Amino acid sequence: MYLLYSLGLFIHIVGITITSGGSIGGYLLERQIWKHIPESPLKSKSLTCLLSKYSMIIHTGTLLMIISGIMMLAALGWVAVGQQWFVIKMVFVIGLFLSGFFIAGPNSMRLNKLIIRQMNAEEVSIELNKVKRNMILFRISEALMVLTIYLLAIFRNNI
């Protein structure tokens, strides 16, 4: 069981690293997209195609975390499942998934369509500002949820 737990912990750390890297990379890519929208919509359009790649990286890391989490729970006899810190942590993990699915994904697709419309000389600045606001709120909530998950994992014995 110790080997199962150690292997699960290693995979969990790899998953966290992949997910965090994808999230940070996505944020940096978004900054470049917003920077280039006013003067070079074509460049922004080419960058938006990369957003789905970061989403795939984040999903891969998340899948690794789920698999490794199950491995560690099995190695520990599933005792953490009933503990308050674990339940709260799972609520935030589900919250991360849902916010990515319902906020980041649709807004990324909307951004892509708006840039195409802007390239066709349509006025889309109000709509772009709404998308930008939604993405900023998503990034802030994402960072707060990840921070909370880390804190829960670190201070689980104090809760």
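A salt bridge here is a side-chain nitrogen of Lys or Arg within 4 Å of a carboxyl oxygen of Asp or Glu. The model is predicted, so local features need pLDDT of at least 70 and side-chain atom pairs count only at pLDDT 80 or more, while totals for chains, interfaces and linings use all residues. Residues are numbered from 1 along each chain as its sequence is written, and side-chain values use heavy atoms, with hydrogens and water left out.

With that rule, you get four salt bridges. Let's start at Arg117. Its side chain pairs with Glu122, where the closest N and O atoms sit 2.9 Å apart. Arg117 also meets Glu127 in a salt bridge, at 3.1 Å from N to O. Helices, by the way, are DSSP runs of H or I with at least four residues, numbered from the N terminus.

How open are these residues? Arg117 has 28% relative accessibility, so it counts as partly exposed. Glu122, at 38%, is partly exposed too, and so is Glu127, at 25%. The label covers whatever falls between buried (under 20% relative accessible area) and exposed (over 50%), using a 1.4 Å probe and protein chains only.

Now move along helix 4. Glu142 and Arg139 both lie there, three residues apart, or about one turn of the helix. Their side chains form a salt bridge at 3.0 Å, N to O, and both residues are buried. Glu30 joins in as well: Glu30, Arg139 and Glu142 are linked in a network of salt bridges.

Note on methods
Helices (H or I, at least four residues) and strands (E, at least two) are DSSP runs, numbered from the N terminus.
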